[in-house]
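The points below may be read alongside the sequence and the model.

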Amino acid sequence: MAESRPRVWVSQPLFDDIVDQLRAHCDVETTQAVTRYTSTDLAEKLASLEGALVTLNERIGAAEIARAPRLRAVANVGVGYNNLDTAALGAAGIAATNTPDVLTETTADLGFALLMATARRITEAEAFLRAGQWNTWSFTNLLGADLHGSTLGILGLGRIGQAIARRARGFGMRVLYHNRSPLDAKVEAELGASYVSFDDLLSGSDHLVLVVPYTPAAHHLIDAGALAKMKPTATLVNIARGGLVDEVALADALANGRLAGAGLDVFEGEPTVRPELLALKNVVLTPHIGSASLATRRAMVQLAVDNLLAALGFGPDAGRPPCLVNADALDAANAGGATAGDTKTTTIKR
Ligand code: DGY
C-alpha cells in the first residue's frame with residue numbers, strides 16, 4: 001500500500017513559488033488572505049496535520065496542539081519564536097524551527113534607519129512639511145541629535161546586534177553593549193564594542209537599541225526605573241519585541257521630556273498601537289518591518305520550507321532540520337519514551 005503523504009498547512013500568504021516546493025512531498029493547504037486565528041481556530045487546523053509553516057501571528061502552545069496527535073513539525077518564518085511554546089512542542093515530540101542568519105543584515109539596516117530617523121526627527125520633519133507648516137526657513141527648527149561621534153548602546157550583541165555594531169563603526173560611534181555574559185575579547189575588538197553592566201548601558205548611551213530576544217524574564221526590561229536611568233537627551237530604538245518595553249512608562253517619559261525620542265518597529269499589543277504613543281511627535285513608528293526586504297523575506301520562507309521538509313524526513317537534510325530550536329525538549333521527550341497510542345514518528349537526528 002502506498003504511504004500517505006504528510007498534510008501540511010501554510011498559515012499566511014507567503015511566496016507561492018517557494019511554498020510550492022512542499023508539494024513534491026506533502027499535501028499542502030495554503031491561505032489566500034492574511035488571517036488572524038484564534039486559539040480554537042489553530043487547534044482545529046493543527047488537529048489533522050503533520051506539519052505547519054507559521055508566522056509570528058500564530059501563537060502555538062499546549063492548548064493548540066492538544067488535539068494534534070500527528071503533528072511532527074512547526075516551522076516558524078522568523079528568527080524570533082516567542083509565539084511558540086517550544087517546551088510544550090518538544091514534550092509532544094514536535095520539532096520547532098526558526099529562520100536565523102538570512103535576515104541579520106536587513107534587520108540591522110532597519111535598526112539603523114530607525115536610529116537615524118529618531119535622532120534626526122525625520123518623520124516629524126516630514127509631517128511638518130506635509131502639513132504646510134514650513135513657511136519660513138528657521139535656523140533652530142527641528143534640531144536633533146548626532147549619531148556620528150555619539151555613544152551607541154546595544155542591548156543584545158547577538159547576530160543582529162553585531163551587524164548594527166559594524167554599521168556604527170562606519171559612523172564613528174563608540175559602542176557599548178550588554179549581554180548575559182561578555183563576548184570573546186577577539187569579537188569585541190573586531191566590533192570595537194565594550195561590555196558594560198545593564199545600568200551603565202542605560203546611563204552611558206546617547207542612543208540605545210534593543211535587539212535582545214523576548215522571554216518571560218525579559219518582560220518590561222525597559223520599565224520606568226530603567227528609563228529614569230537614561231539620559232533625557234537619549235533615544236531608544238526597539239526592533240526586537242514589544243514586550244521588552246513598558247510602553248505606558250515609555251510614552252510618559254517621552255511626553256514629559258525624560259527621553260528625547262523613540263523609534264519603534266515592534267509593539268506589545270501589535271497590530272494595535274497604544275494611543276499614547278500615536279499621539280506623540282517624538283516617536284518614529286513602523287509596523288514590524290525589520291526583515292521586510294523582498295530578498296530577505298523570500299530567503300526566510302525558503303529556509304522555513306527547508307526546515308519543514310527536513311523535519312518531516314525529506315530533502316538533503318532529512319531528519320536534521322537546519323534550525324531546530326527545541327532540541328533539548330525533543331531529546332527529553334524521546335528519552336521518556338513514546339506516549340501510548342502515539343501515531344507520529346519524529347526522528348530528528350543530531
Ligand atoms: C523575526 O524574524 O523575528 C521578525 O521579527 C519577523 O520578521
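Leaving aside its neighbours within four places in sequence, which residues is Glu124 in contact with?

1. The model is a predicted one. In it, Glu124 is in contact with Leu142 and Lys281, once its neighbours within four places in sequence are set aside. Glu124 belongs to helix H6, which spans residues 122–130. Its relative accessible area is 16%, and Glu124 therefore counts as buried, the cut-off being under 20%.

2. Strand S4 covers residues 73–76. Ala73 and Ala75 point one way from this strand, whereas Val74 and Asn76 point the other way, and all are buried. In a regular strand the side chains alternate between the two faces of the sheet.

3. Strand S4 is joined to two strands. Strand S3 (residues 51–54) runs parallel to S4, with four bridges between them; Leu53 has Ala75 as its bridge partner in S4. Strand S5 (residues 95–97) also runs parallel to S4, with three bridges, and Ala73 has Ala95 as its bridge partner in S5.

4. A polar backbone atom of Val79 is 2.7 Å from a ligand oxygen, and a backbone N or O atom of Gly80 lies 2.8 Å from one. For Ser291, a polar side-chain atom lies 2.8 Å from a ligand oxygen. Of the 240 Å² of accessible area that the ligand has on its own, the protein covers 88%.

Key
Residues are numbered from 1 along each chain as its sequence is written. This is a predicted model: local features need pLDDT of at least 70, side-chain atom pairs count only at pLDDT 80 or more; totals for chains, interfaces and linings use all residues. Side-chain values use heavy atoms; hydrogens and water are left out. A polar contact is a pair of N or O atoms within 3.5 Å; within protein, one must be able to donate a hydrogen and the other to accept it, and residues adjacent in sequence count only if both atoms are side-chain atoms. Accessible areas come from the Shrake-Rupley method with a 1.4 Å probe; for residues, only the protein chains shown count as cover. Buried means under 20% relative accessible area, exposed over 50%, partly exposed in between (1.4 Å probe, protein chains only). Contact means heavy atoms within 4.5 Å. Two strands pair if DSSP finds at least two bridges between them.
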